[in-house]
Amino acid sequence: MTVPFSTFLLQLAQAVADEDGQRLAYLLRPTSPHGKDLVKEFRNPSRETLTSQYGGSIDTPWDEIAVRYVLVTTHAARKRPGEAFSEQSQLISLFFRFFSQNTGWTLPALFSMLRDLRDLAYDADFNARYNGQNTECMESAAGVVAKAFSMCMTDRTSPLDLSRKWGIYYVVGLIMKCYFRVRRINLSKNILRALEANPDIPPLSAYPRSHQVTYRYYLGMLSFLNEDYAKAEQELTLAFYHCHVDAHRNQERILTCLIPLRILRGHLPSAELMQRFPVLDELFSPFFAAIRTGDISAYDAALERWEHRLVELNLWITIEKARELCIRGLFRRVWVATDRSTRIPISMFHCSLRLSGNDVSVEEAECFVANMIYKGYMRGYISHEKQMVVLANTNAFPRLGERPAPYALL
């Protein structure tokens, strides 16, 4: 059934009167079916023409919002994402005038509009780059979303169950996505500081599970990039276990950073888990195999093969650090080959490194052994005078997961 603009105005006014946030979100979504009807009704609309005809037909600012909606759908239908983004930004600015004076029933509409703004910003930036132009639509979108965050944070009049504060973590997730997209990750610290400074926010566990997962994922990513690996592992683990079982793509994103962190701790994922994520299995399986066998040359070959992809994912440094586990595996094989002797000449470790493709001197080999002992991979000491490694009688090579602070000495 075709929906003319006059009917759309009535439906919009009714949704506002009924405080129906879900209906309002549907009506203002550019991809909704009635959007196509409005594009057909107005062949070449302009804000001045529409405002002169329909301005004041419903309460302000909804008459202006309806006009902007027509312009958004028209630009989007005619493949003009830059213009559509600009009109969507103006639409949201008008909506803010209403949102700041109302309760949480408006949150579904806010979420939908901000999501559409982000998508249009992505399309606009992509289209501009394709045509050799420079735009900062995604960065502008982050600024708009930040205003929404401020309005959610400052709701001190609504009852708790109707508060705009229930939109905080969803909006934070959108801001983080925008910041990560434009590589302005440092700006996320301002958002986190604002959250910490406001004690009136309900606990994170009270928010919808999807809001929690998104927030924990980005908090874990920030910690990962800042090399706070313990915090990163904690947040990403919680995000993974709380993620919906059918959200395969989101689980894969979380595991992309969580698996390298678990490798650093000496915990390799099971084959059953990796079979569920073939893309990650292809990337990480060569490293798992090399660590299990202590094959340093295979590990180095995998690093070289996947260098470009690892750099793209910000994983190169982490995976390179995990090379120590490969050396530990190699030295343990030397220990096993000597019938688990407690006294092993440094020359044997030196030979093992040479055979694995590492052309190092005896002095360098001694440094490798000293490093393994210092970081808790081996228990013992070096007799430099006798060029001998003296290992503990028991538990000479502790299990990787038993190290008390696996991230402290990286």
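Contact here means heavy atoms within 4.5 Å. With that cut-off, His 248 touches Arg 276 and Phe 277, leaving aside residues up to four places away in sequence. The model is a predicted one.

Stay with His 248 for a moment. This histidine lies in helix H13, which covers residues 248–264. Now look along the chain to Tyr 407. His 248 and Tyr 407 are 159 residues apart in sequence, and their C-alpha atoms are separated by 29 Å.

Turn next to the surface patches. One is positive. Lys 36, Lys 40, Arg 43, Arg 78 and Arg 80 form this patch. Take Arg 78 as a way in. Arg 78 sits in a loop, with helix H5 (62–77) on one side and helix H6 (81–99) on the other. Arg 78 counts as partly exposed because its relative accessibility is 32%. Patch residues need over 30% relative accessible area and no salt bridge.

The other patch to visit is nonpolar. Tyr 122, Phe 126 and Tyr 130 make up this surface patch. Together they have about 390 Å² of accessible area. Phe 126 is found in helix H7, residues 107–130. The relative accessible area of Phe 126 is 47%, so this residue is partly exposed.

Definitions and conventions. Residues numbered from 1 in each chain as written. Predicted model: local features only at pLDDT ≥ 70, side-chain atom pairs only at ≥ 80, totals over all residues. Heavy atoms only, no water. Patch = residues over 30% accessible without salt bridge, like charges linked within 9 Å, V, L, I, M, F, W, Y side chains within 5 Å. Areas by Shrake-Rupley, 256 points an atom, 1.4 Å probe, with all protein chains shown as cover. Salt bridge = Lys/Arg side-chain N within 4 Å of Asp/Glu carboxyl O. Lys, Arg positive; Asp, Glu negative; His and termini not counted. Charge placed at Lys NZ, Arg CZ, Asp CG, Glu CD. Helix = DSSP H or I, 4+ residues; strand = E, 2+ residues; numbered from the N terminus. Buried < 20%, exposed > 50% of the residue type's maximum accessible area, 1.4 Å probe, protein only.
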